[in-house]
Amino acid sequence: MSIAHYYETMDYGPAPEADGEARVWLKRHEATFGHFVSGKFVAPASGKHLTTIEPATGKALAKIAQGAAADVEAAVGAARSAQAPWAKLGGHGRARHLYALARMLQRHARLFAVLEAIDNGKPIRETRDLDVPLAARHLLYHAGWAQLQEREFADHVPVGVIGQIIPWNFPLLMLAWKIAPALAAGNTVVLKPAEFTSLTALLFAELAAEAGLPPGVLNVVTGDGATGALLVENPGVDKIAFTGSTEVGRLIRQSTAGSGKSLTLELGGKSPFIVFDDADIDGAVEGVVDAIWFNQGQVCCAGSRLLLQEGIAETFRKRLIRRMETLRVGPPLDKAIDMGAVVAPVQLERIKALVETGVKEGAEKYQAPGAIPSEGCFYPPTLLWNVHPSSTVAIEEIFGPVVVAMTFRTPDEAVMLANNTRYGLAASVWSETIGLALDIAPKLLAGVVWVNATNLFDASVGFGGYRESGFGREGGREGLAEYLKPKAWIGRKARAKLPPLPETSTEGVGFGTPSIDRTAKLFVGGKQVRPDGNYSRSVLSPKGKHLGEAGEGNRKDIRNAVAAARSAEAWARATAHNRAQILYYLAENLSARGDEFARRIGDMTGVSPAKARAEVEASIERLFSYGAWADKYEGTIHAPPLRGVALAMHEPIGVVGVACPDEAPLLGFISLVAPLIAMGNRVVAVPSERHPLAATDFYQVLETSDVPAGVVNIVTGERDALARVLAEHDDIDALWVFGSQEASTVAERLSVGNLKRTLVDHGLALDWYDRAASEGPILLRHAVQVKNIWIPYGD
Amino acid sequence: MPNSSAVPAQPHARDHNHTHPIARNTGRALEMDWVDEIRINLSAAERRVASLPGRRTVKKDAQAAWLLKAITCIDLTTLNGDDTTERVKRLCAKARAPLRTDLVEALGFAGRGLHTGAICVYHRFVATAVEALDGSDIPVAAVSTGFPAGLIPHDLKLKEIEASVRDGAQEIDIVITREHVLTRDWRALYAEVRDFRAACGDAHLKTILATGDLKTLRNVAKASMVCMMAGADFIKTSTGKEGVNATLPVTLAMLRMIRLYEERTGFKIGFKPAGGISTAKDVLNYQFLMKEELGRDWLEPDLFRIGASSLLADIERQLEHHVTGRYSAFNRHAVG
């Protein structure tokens, strides 16, 4: 090619990034790596290695160690020994280390960028301009949290040893997202990178040690899914943080159920990209490029479902197809491409198969006409037009450069279609009308919403999903909190087993006038209803005195209660002021009947009248507290580096099942239900099995306090059996179980159906009178999920 | 409603040194819907242009070729109060021979008559420049209509255009009345530009929007569309005298309007960024944006011009580096 030739054609020509340094590094290790444990490389116990390939060429790149049980054990042991001294080092000491790691990354930025591009197949532009700088930003940002931790999180301590499992789509960036908050907060880490892309993690660990990070603080164990499973199951691990597929996320939830390990999951998505007819169409077309042709579409939050308002759909289609004509696919190290290689042949096959299915199901396929390399794992940018919500490709995550398009008529329909998915990771809304855009954003069930933008990320802004996209956040204050636990919960003891109640003693009144029979019913949808099975159970005093009957709720009662709670959606949109007023009103009405409730508590539990009265007073106060919190547990405004803001909104989770403990039958019930409804959730509560009558008496208080129908539903009966039904119900968004260890385990294990958020006590008793342990943000945090709405602005 | 009969209805061929001749924009009736429906989001536009330099680059021979192409698109400009006849002649000489002979030869371009796109001067120097460029293909562009503020009486503006055309200017760079944009008086803007176009006759009309004064991309995009409907052959960003001159986001907004206008009318409109483009790296980014947003045709001087005074010197240094492998200095290249 001569100058004259280029002058004529005005083609771009090749622009390769040099890869010499990265190859030198590989060569220095003879392209064979051990695990990185206690500050040095160690050979795998089994002696086995896996081969990692270069996706752009299909050639072998290096051998990485296959982690076995002994390797995981050694790494967890190293992390365990390092944890106490690392925590003891203090916030400032850890801040210095994180700062050094950020600087180290910046110093070797190009080496990381090139190695990542070679190993993963993604364009050097992205590793150089996005992955590496953002990874450094995460380390720097969290150095700041380490510095401020003692002041800002004084009532929290680190969780301990964290097992972190990261995916292959952003290997280095996900490493930073995971380790930065964990290390900042005083935890130590065993990281398991994806087997396709372990190299930058190994390079990072090596250079981190050189930068002075103490041995054992960051350990890297490589290997395939089996190694990950070993890490998940290792009893020495206090928390698992996982990013990857929803399928594996479910397995992890199941296998950690009941172990007491805390868990955050960042899983898949099928994120909507909504374009209204008043949008900047050309801007939105570029948005699609950033949404789905970024990182070859291998992005969990990729805007993969294009929802177009009917009036502009045809214009949009034409402009998008025109835009596709200029996309360039090529070798990852070429500096003039838009897309590189898909990570592995298995992914390429999956993409091809799904596209084929989409076409079979009626989609029109458009692909970028530009040439793609004939060798290696490449797939062209693809648009599937005329897709319907029922098409496979509209439902399944493709995890490739394929966007599917459908239309809508009205804003309501856009929201309905956007939320018509099991996932809830991200969403993008395009409109030049501020009122419309800001009305739609809160209605989308997604952890991140970008207004007139897409795929924006920053360390200061929490990232994470709703629904089956997982739980927990990464980034921001909300992300750091995932790596801390409250001091107030540390000393909890296993709940004492209550003695069985004696046999019923029947004492009639003879021929005296009997009291009027009062049978407690279930409370569903604002109405007192008989249990579906029409059975009831006796409620006895500790001495065996018959105190009354409570309904024996069953599956169908739970079903009805969930349906009622689901239809009470308006509660979530009620103003916080309105919810506060109702909580105060509940306190007022409970107070008016305080004597009666105290008598009931005394009768059921046998506590002294003074103690029973104290429980009522504490319950009244608790309602007041949540009335107070209702309009004060607010979100924050993040300040990411752009002209704009990110609003971290506290949103209700939705329908929450609550299984209440036997101790403090009124206060326990109020302590769990009140924070949930204060934040706009609707509740299906199963009261104490042994002492249900305080809760059933309470429905009369609910009825007189303007609580809308369906906001609080009460189903009495066999508590753990009902909790199991709640756990298995896929229309319940979260489940709180306070009771036995077994109930906690069952709740966690069965929550996988729709990956509901769980808050369980593992049979450890809370002191409901200790406000530090049982009132306020300590529970409110679990009553909300954080949605971050990114609003770039400017005109 | 004004109609298109007010502007010359005959499309006719432009000079063209590369591809097929381009039909000249006839202009058309003002369509208010085309203006009202324009939406442009600043942040989205900024993200597009911010990522472009990372998405496109040219190296080695390709880079040399692109820079040579850029030279052919430069409107070599002098628009200063102290301009004199001799100064203008010197600039014309540079336009004829923009690159040192040994470099032209080393790059394999000897005999191609490489020259800049045009010379751009005030009316006073049009005749001087036309004479100095006699025998070359280099057109003379005159800034006009009370450049740079554009606040002289309308009839004088038309007279100024006519005078420059009489003196031999083949291109007229007019300034619009910014007030029409800032007050949303699109009919007045349309009428003004339509009159300028009529006054140009066969000379090509470049409409300077003074985007630094218009402030928002919405204003820029809407003014672009109105000017094209009124018969502009080129739309141009700036006079070089506003506080902010050509920028990539403003360019993106204007290019999208050019694309839309072509979709609707079939006419290809040229684009000229001016002011602030002073390095080879800068100009490549503009070229990438032209190619990506509009296509190959818009890399040639009949659809792309760059208003610049110091850019050429940097391109010369870069091309010398390409030839010799050594970094060059300004004093090794003739001034214009």
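Two strands count as paired here when DSSP finds at least two bridges between them. With that in hand, welcome to a set of close-up views of a predicted model.

**Figure 1. The parallel sheet of chain B.** Eight strands make up this open sheet: 8 strands in the order β7-β6-β5-β4-β3-β2-β1-β8 (chain B), with parallel pairing. At the edges you will find β7 (270–272) and β8 (306–308) of chain B; each has a single partner strand, so one side of each is left without a neighbour in the sheet. Ignoring direction, neighbouring strands are turned by 25° against each other on average. Helix α4 (residues 85–96) of chain B lies across β1 (74–77) and β2 (118–121) of chain B. Relative to β2(B), this helix runs at about 160°.

**Figure 2. Strand β5 of chain B and its two partners.** Strands of a sheet pair through backbone hydrogen bonds, either parallel or antiparallel. Here, strand β4 (residues 171–175) of chain B runs parallel to strand β5 (residues 204–208) of chain B, and 5 bridges join the two. Is β5(B) mostly covered or mostly uncovered? The strand is mostly covered, with 5 of its 5 residues buried. In a regular strand the side chains alternate between the two faces of the sheet. In β5(B), B:H204, B:K206 and B:I208 point one way, while B:L205 and B:T207 point the other way, and all are buried.

**Figure 3. The mixed sheet of chain A.** This view takes in an open sheet of 10 strands with mixed pairing, in the order β13-β14-β15-β12-β11-β16-β17-β31-β25-β24 (chain A). Its edge strands are β13 (364–367) and β24 (636–638) of chain A, each of which pairs on one side only. From one strand to the next, the twist averages 20°. Within the sheet, strand β12 (residues 303–309) and strand β15 (residues 402–408) of chain A run parallel and are joined by 5 bridges. A handy landmark is A:R305, which stands opposite A:V404 in β15(A). Helix α12 (residues 310–324) of chain A lies across β11 (271–275), β12, β13, β14 (382–385) and β15 of chain A. Its direction makes an angle of about 135° with β12(A).

**Figure 4. Two helices side by side in chain A.** Helix α22 (residues 609–630) and helix α23 (residues 665–678) of chain A pack with their axes 9 Å apart, at an angle of about 10°. Angles under 35 degrees count as roughly parallel, and α22(A) and α23(A) are therefore roughly parallel to each other. Residues of α22(A) that meet α23(A) include A:V616, A:L623, A:Y626 and A:W629. Among those that α23(A) brings to the contact are A:L666, A:L667, A:I670 and A:A674. By class, the contact has 12 nonpolar, 2 polar and 2 charged residues.

**Figure 5. The largest nonpolar core.** This core has 378 residues, and those with the most contacts inside it are A:V658, A:V673, A:A685, B:I119, B:A129 and B:V140. Helix α7 (residues 171–184) of chain A gives the most to the core, with 11 residues. Zooming in on A:V673, what does this residue touch beyond four places away in sequence? Its contacts there are A:V658, A:V683, A:A685 and A:V712.

**Figure 6. A buried phenylalanine in a loop of chain A.** A:F463 sits in the loop between β17 (448–451) and β18 (470–471) of chain A. Why does A:F463 count as buried? A residue is buried if 20 or more other C-beta atoms lie within 10 Å of its own, and A:F463 has 25 C-beta neighbours inside 10 Å, so A:F463 counts as buried. Leaving out residues up to four places away in sequence, A:F463 touches A:G447, A:V448, A:F457, A:R473, A:E474 and A:G475. From A:F463 to A:G475 is 12 residues in sequence and 6.2 Å in space, C-alpha to C-alpha.

**Figure 7. Where the chains meet.** Chain A brings 33 residues to the contact and chain B brings 30 residues. On the side of chain A that touches chain B, the elements giving two or more residues are α1 (3–9), α6 (124–152) and α11 (281–292) of chain A. The residues of this side divide into 13 nonpolar, 8 polar and 12 charged.

Notes
Residues are numbered from 1 along each chain as its sequence is written. Chains are lettered from A and ligands numbered from 1 in the order in which they are written. This is a predicted model: local features need pLDDT of at least 70, side-chain atom pairs count only at pLDDT 80 or more; totals for chains, interfaces and linings use all residues. A nonpolar core is a set of buried Ala, Val, Leu, Ile, Met, Phe, Trp, Tyr and Cys residues joined through C-beta atoms within 7 Å. A residue is buried if 20 or more other C-beta atoms lie within 10 Å of its own, exposed if 12 or fewer, and partly exposed in between; C-beta atoms are placed from the backbone. Helices (H or I, at least four residues) and strands (E, at least two) are DSSP runs, numbered from the N terminus. Two residues are in contact if their C-beta atoms, placed from the backbone, lie within 7 Å. Axes are lines fitted to C-alpha atoms, for helices over the stretch in contact, and angles run from 0 to 180 degrees between N-to-C directions. Ala, Val, Leu, Ile, Met, Phe, Trp, Tyr, Cys and Pro count as nonpolar, Asp, Glu, Lys and Arg as charged, and the others, Gly among them, as polar. Angles under 35 degrees count as roughly parallel, over 145 as roughly antiparallel, 65 to 115 as roughly perpendicular and the rest as oblique.
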